[in-house]
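I opened my notebook to look up a few things in this structure. Here is what I went through, entry by entry.

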Amino acid sequence: MTSDTTKQYIDPAWRPETALVHGGSLRSGFGEMSEAMFLTQGYQYNAAEEAEERFKTEAGGFIYSRYANPTVAMFEERMRLLEGAEDARGVASGMAAVSASILSYVKAGDHVVAARALFGSCRYVVEDLCPKFGIESTLVHGPDIEAWKAAIKPNTKVCFFETPANPTLDLVDIQAVADLAHEVGAIVIVDNVFATPMLQRPLAHDADVVVYSATKHIDGQGRCLGGIVLGSQAYVKDHLHNYLKHTGPSLSPFNAWVMLKGLETLPVRVRQQCENASEIARRLAGLDEVERVIYCGAPDYEQAELAARQMSGGGQVVTFEIKGGKAAAFKFLNRLRLIKMSNNLGDAKSLITHPATTTHQRLGPDERALLGITDSMVRLSVGLEAAVDLGNDIEGALD
Ligand SMILES: *Cc1c(COP(=O)(O)O)cnc(C)c1O
């Protein structure tokens, strides 16, 4: 019996489905089949010289779980293989991933350009937090490439956006923004939550860094908070690693284990959720009570050409507007019986929100109008239930 962890066989030619089941596994001396949860803060050294060496090189073993942990390392490696990135760091939440990815890279005097349609807390980081530290920021309409061109300046260091964006599902052309950003030496950070790593590979479109809230599809069953940042070895070594090590938004080994096991079923879940979402979008389009349906995989989707270019599926979020404004939308939400009201997404359970009064309330009516978020709009995260039951619930609540 030994306490050494041994790396398992990896074939670089493995398809994502295979890498997500076997990739990154570290087995302890017990040969356990299910990956182990290493609930430990620290690690023992066999000699003073070994401790000295490990602190000097940060190689050959673990030091302290704020820096690295075997279960977290398995999660990072499995995600790294999936994303095709050089390196990855797991963190405590999606917001820890977003804030670290940006703040570890910029300094006073730098400039950040971001798409206006961002997850609320991401807007806080860009709009409020960055300026506090002397980092200028500009918000643009994400789909408008001319707006990015006009906003990017010689001191721009980061371009940041989500695509598809929440809740209007607007897309940003990753390649086009990357081309503009790289002209001035800026990096592109993509929040890839809505597309999931299964449907969109930002690095293949020349993005530099990809971030996830693993809380969403990667967990997939609404249990734990987690996040991950993926990028080049140089980015992680020169910027991200020390920032995380010394500021401490570490991913709990327990949460990392849940996410690691979640990855094994991610392709199957996302495929089924996309299929369900596409059926729900079709059914919604035929209902008189529904004003408008937005689904990235629908034939009439506004940016269908771009979606086909950078996504391999429509995703599992369907946004729609109900005739009759806020009152009708509220009445509809209150009458749903199967679909639950909650602001998470990517869950096995179908979840619905009214963005104008919840996730996007803080923005105020003018900013919401600018983003196209109306009072009659609801956002549905389609789960793994039978699509016909979901459709019946929706029709019953609209009746
Ligand atoms: C949920 C979410 C986040 C934040 O993730 P947490 O895990 O809740 O911190 C960031 N970006 C997007 C697009 C999200 O949906």
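**Entry 1: elements.** For my count, helices are DSSP runs of H or I with at least four residues, and strands are runs of E with at least two. On that basis I found 14 helices and 14 strands in the protein. I note here that I am working with a predicted model.

**Entry 2: overall form.** I asked what radius of gyration a compact globule of 399 residues would have. The rule gives a value near 21 Å, and the protein has 22 Å, so the two agree. I also looked up the extent of the C-alpha trace, which spans about 75 × 50 × 35 Å along its principal axes. Of the 399 residues, 54% count as buried. I then turned to contacts with a separation of 6 or more, and 74% of them are accounted for by residues 24 or more positions apart.

**Entry 3: surface and charge.** The accessible surface comes to about 17200 Å². Carbon and sulfur atoms hold 52% of that surface. I listed 38 positive and 50 negative side chains, and the centres of the two sets lie 4 Å apart.

**Entry 4: cysteines.** How many disulfides does the structure hold? I found zero.

**Entry 5: Q273.** I stepped to Q273, which sits in helix α10, residues 253-285. Is Q273 buried or exposed? Its relative accessibility is 1%, so Q273 counts as buried, the cut-off being under 20%. Leaving aside neighbours within four places in sequence, I found Q273 in contact with H217, Q316, G346, D347, A348, V382, G383 and L384.

**Entry 6: V211.** My last stop was V211, placed in strand β8, residues 209-213. V211 is buried, with a relative accessible area of 1%. Which residues does V211 touch, not counting those up to four places away in sequence? I noted A97, V98, S101, F160, I189, V190, D191, N192, V193, I228 and V229. I also looked up G94: its C-alpha atom and that of V211 are separated by 7.5 Å, with the two residues 117 apart along the chain.

Terms used:
Residues numbered from 1 in each chain as written. Predicted model: local features only at pLDDT ≥ 70, side-chain atom pairs only at ≥ 80, totals over all residues. Heavy atoms only, no water. Buried < 20%, exposed > 50% of the residue type's maximum accessible area, 1.4 Å probe, protein only. Contact = heavy atoms within 4.5 Å. Rg over C-alpha atoms; globule rule 2.2 N^0.38 Å. Areas by Shrake-Rupley, 256 points an atom, 1.4 Å probe, with all protein chains shown as cover. Lys, Arg positive; Asp, Glu negative; His and termini not counted. Charge placed at Lys NZ, Arg CZ, Asp CG, Glu CD. Disulfide = S-S within 2.5 Å.
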